[in-house]
Amino acid sequence: MFSTRFVAAGAVACLVFVAAPVPAARAQAPARAAAVAGEPLTIVTKAGPKRFNVEVMRDDAGRSRGLMFRRHMAADHGMLFDFERDEPVTMWMKNTYLPLDMVFIRPDGTISRIAADTEPLSTAIIPSGSPVSAVLELNAGTAAKLGIQPGDRIEHPLFKAR
């Protein structure tokens, strides 16, 4: 579980092990999720813009928690992970019940790769394939359904600042 950036369904472990939350913390997870305000994000595809409401994880604690233990995410929602620098990242689905599409994003907002239909609860490593600065997690099948492809562009303030 070691790498430059290692993400457990969005959870980051930078040369440290990520401990699973205790049962009491799991019980509070839905309340924390409801309290998090979403931000608008648009994916510009050949078929037109696709809009989402995303939670943005900007620190190690948020990236470590990610979508772990959640059982539902609305179709037009997602989670965006800001890695704060451009580097290869690896992800996994440990403790994540939702199948996801993982969209790996370059600093300029272009999609470099999509890992579609990731397997829930798996510890298989999912690499970015190239340096990226962010990952967007969507419900599995969303990328195919909406025609989201590598080369499409993400519009979000995270990418305007770089």
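Reader: Which side chains meet in a salt bridge with an N to O distance of 3.1 Å?

Author: Those of arginine 85 and glutamate 87. The general idea first: side chains of opposite charge can pair when their charged atoms come close. Here a salt bridge means a side-chain nitrogen of Lys or Arg within 4 Å of a carboxyl oxygen of Asp or Glu. Note that this is a predicted model, where local features need pLDDT of at least 70, side-chain atom pairs count only at pLDDT 80 or more, and totals for chains, interfaces and linings use all residues. Residues are numbered from 1 along each chain as its sequence is written, and side-chain values use heavy atoms, with hydrogens and water left out.

Reader: Are arginine 85 and glutamate 87 buried or exposed?

Author: Read the relative accessible area: under 20% is buried, over 50% is exposed, and partly exposed lies in between (1.4 Å probe, protein chains only). Arginine 85 is partly exposed at 43%. Glutamate 87 is buried at 9%.

Reader: How many salt bridges does a search of the whole structure find?

Author: The search finds 5. One of them joins arginine 58 to glutamate 39, with the closest N and O atoms 3.0 Å apart. Arginine 58 sits in the loop between strand 4 and helix 2 (60-65), and glutamate 39 sits in strand 3 (residues 39-45), so the pair ties together parts 19 residues apart in sequence. Helices (H or I, at least four residues) and strands (E, at least two) are DSSP runs, numbered from the N terminus. Arginine 58 is partly exposed at 41%. Glutamate 39 is partly exposed too, at 22%.

Reader: Which residues are linked in a network of salt bridges?

Author: Asp60, Arg63 and Glu84. Arginine 63 and aspartate 60 meet at 2.6 Å, N to O. Both lie in helix 2, 3 residues apart, about one turn of the helix. Arginine 63 is buried, at 1%. Aspartate 60 is partly exposed, at 42%.

Reader: Now the sheet. What is the order of its strands?

Author: Start with the pairing rule: two strands pair if DSSP finds at least two bridges between them. Here 7 strands form an open sheet, ordered 8-7-10-5-4-3-11, with mixed pairing. Strand 8 (111-115) and strand 11 (153-155) stand at the edges, each with a single partner strand, so one side of each has no neighbour in the sheet.

Reader: In which sense do strand 4 and strand 5 pair?

Author: Parallel. Strand 4 (residues 48-57) and strand 5 (residues 77-87) pair in that sense over 5 bridges. Glutamate 55 stands opposite methionine 79 in strand 5.
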